[in-house]
Amino acid sequence: MTTPATVRAPQLSLSPDRAVSLVVLIGIGVGALAVIGLWWQDTQFIYGMGDWLTNAGRLTGLLAGYAVVVLLGLMARVPLLEHRVGTDRLARWHAMGGRYTVCLAVAHTLLIIWGYAVTAHTDVVSQTGTLLTSYPDVLMATVALGLLIGVGITSARAARRRLSYETWHFIHLYTYLAIALAFSHQFANGADFFFDVRARVLWSVMYIAVGAALIWYRLIVPIAGGYRRRLEVLDIRREKRDIVSIYVTGQHVDELRAEAGQFFRWRFLTRDLWWAANPYSLSAVPGSNMLRITVKVAGRHSAALLRLRPGTAVLAEGPYGSFTAMRRRRRNVLLIGAGVGITPMRALFESLPGDPGDITLVYRATAVEDFVLRREIDEIAAARGSRVHYVAGSRRAGRADPLSAERLRQLIPNLAHHDVFICGPEPLAASLRAGLRRVGVPAGNIHYESFAF
């Protein structure tokens with residue numbers, strides 16, 4: 001095992017990934033302002049309560065139509081966004097934006113019904129019936145709204161905890177059907193598009209561009225890459241009773257330019273697994289013709305991986321994520337891996353440039369017997385002159401947290417001047433981030449990867 005050459009990490013005031021994130025957010029905001037401008041230029045006057053309600057409905061409808069395009073764009077897996085902004089951050093933006101989108105769509109529906117009812121001097125129940133039976137495509141839009149609400153409910157944190165990744169992902173696909181049903185409604189009933197051909201064209205181009213990106217990056221690129229690389233399972237090794245490492249080999253693997261800390265969406269082409277593409281991080285530095293993941297059994301999909309056989313064909317979509325050495329800002333680095341979150345940390349522990357003593361790994365598990373890849377980690381530490389701390393213990397009520405920020409400050413001298421990389425269950429990671437800020441680690445030096453889907 002070789003020690004990487006010494007490289008001094010640059011001190012940057014604004015890292016490239018944060019700069020790209022800022023540009024993306026500004027772009028989304030500018031687009032929202034343009035949508036408001038579209039409503040404004042087509043609004044001649046507002047007179048009376050009915051007009052106020054109807055125009056509020058128009059505006060929320062336009063913003064909801066724009067928001068769904070933004071949501072799809074965030075999840076289109078565009079390489080620049082995936083590598084610079086990071087899949088983790090994009091997913092958080094998508095989840096937050098999804099809540100706003102559902103609220104906008106519901107508000108649009110209620111405001112339009114109420115506004116039309118006031119204008120027509122009727123009640124909202126009668127007006128709802130009139131809209132459903134007399135206005136083109138309103139029924140389809142109503143179905144679309146129901147689908148969006150259903151997806152929103154299943155995406156709530158309390159519901160997600162009770163769903164497997166595969167079930168949640170399948171339900172989420174109904175978003176595409178909802179958007180397709182609602183699109184024609186926007187042109188058929190949207191006052192902003194009746195006589196404005198330019199607005200219709202620009203709105204259509206926006207939807208078509210995002211749709212093309214989805215098809216290209218989520219369908220064509222993975223299939224073409226799979227055909228070229230011919231990936232297959234080389235070996236399967238049990239690390240623990242419920243943890244397995246899978247070695248994948250193929251052609252032109254080096255062209256993927258995968259980095260330690262990144263992940264792929266893996267599709268194993270067996271009868272039971274071909275339909276699901278699940279995200280798993282690389283657990284070793286990628287080689288010229290070899291990739292490795294280490295998976296803990298946590299559901300039917302991961303349990304089926306225990307039954308894989310060498311020679312099984314694999315489609316690997318990626319690499320994704322910006323949880324890499326690119327985020328580094330300091331010479332000294334602390335890596336914290338908890339549970340199966342050790343997998344990307346093990347790869348970073350081997351590959352991050354540094355002199356002896358620059359890189360420290362803290363590995364947290366519930367019990368001593370839960371530590372996986374320990375022999376590899378110890379070998380890396382010995383070869384590099386790096387330090388590793390194994391911390392065992394649970395966070396049960398009434399017990400001191402074995403991995404509190406105060407405990408880390410005792411283990412790691414000069415902690416506030418370290419870059420800290422965190423990967424583990426979200427509650428623990430959130431607690432660590434807050435604790436590290438409390439003991440003086442700048443927010444810009446705390447980097448983390450979330451397991452939440």
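**Close-up views of a predicted model**

**View 1. E376 and its salt-bridge partner in the predicted model.** With a relative accessible area of 19%, E376 is buried, and the model in which this residue is shown is a predicted one. The side chain of E376 meets that of R346 in a salt bridge, with 2.7 Å from N to O. Because R346 lies in helix α11 and E376 in helix α12 (residues 374-384), the pair ties together parts that are 30 residues apart in sequence.

View 2. R346 and E350 are four residues apart in helix α11 (residues 342-351), so about one helical turn separates them. E350 is buried as well, its relative accessible area being 17%. Together with R292, the residues R346, E350 and E376 are linked in a network of salt bridges.

**View 3. The salt bridge between D242 and K296.** Among the 12 salt bridges that the structure holds is the one formed by D242 with K296, in which the closest N and O atoms are 2.8 Å apart. D242 lies in the loop between β1 (232-240) and β2 (243-249), whereas K296 lies in strand β5, so the pair ties together parts that are 54 residues apart in sequence. K296 is partly exposed, with a relative accessible area of 38%.

**View 4. The largest nonpolar core, with F193 among its members.** This core has 27 residues, of which L62, F193 and W203 touch the most other members. At least two residues of the core are supplied by each of α1 (16-41), α2 (48-74), α3 (79-120), α8 (174-189) and α9, and the largest share, nine residues, comes from α2. Leaving aside residues up to four places away in sequence, F193 touches L38, L62, Q186, F187, A199, R200 and W203. A second, separate core of 23 residues includes I243, I342, Y363 and I380.

**View 5. A298 in its loop.** A298 is found in the loop between β5 (290-296) and α10 (300-304), where this residue counts as exposed at 75% relative accessibility. From C-alpha to C-alpha, A298 and I179 are 32 Å apart in space, and in sequence they are 119 residues apart.

Definitions and conventions: Residues are numbered from 1 along each chain as its sequence is written. This is a predicted model: local features need pLDDT of at least 70, side-chain atom pairs count only at pLDDT 80 or more; totals for chains, interfaces and linings use all residues. Side-chain values use heavy atoms; hydrogens and water are left out. Buried means under 20% relative accessible area, exposed over 50%, partly exposed in between (1.4 Å probe, protein chains only). A nonpolar core is a set of buried Ala, Val, Leu, Ile, Met, Phe, Trp, Tyr and Cys residues joined through side-chain atoms within 4.5 Å. Contact means heavy atoms within 4.5 Å. A salt bridge is a side-chain nitrogen of Lys or Arg within 4 Å of a carboxyl oxygen of Asp or Glu.
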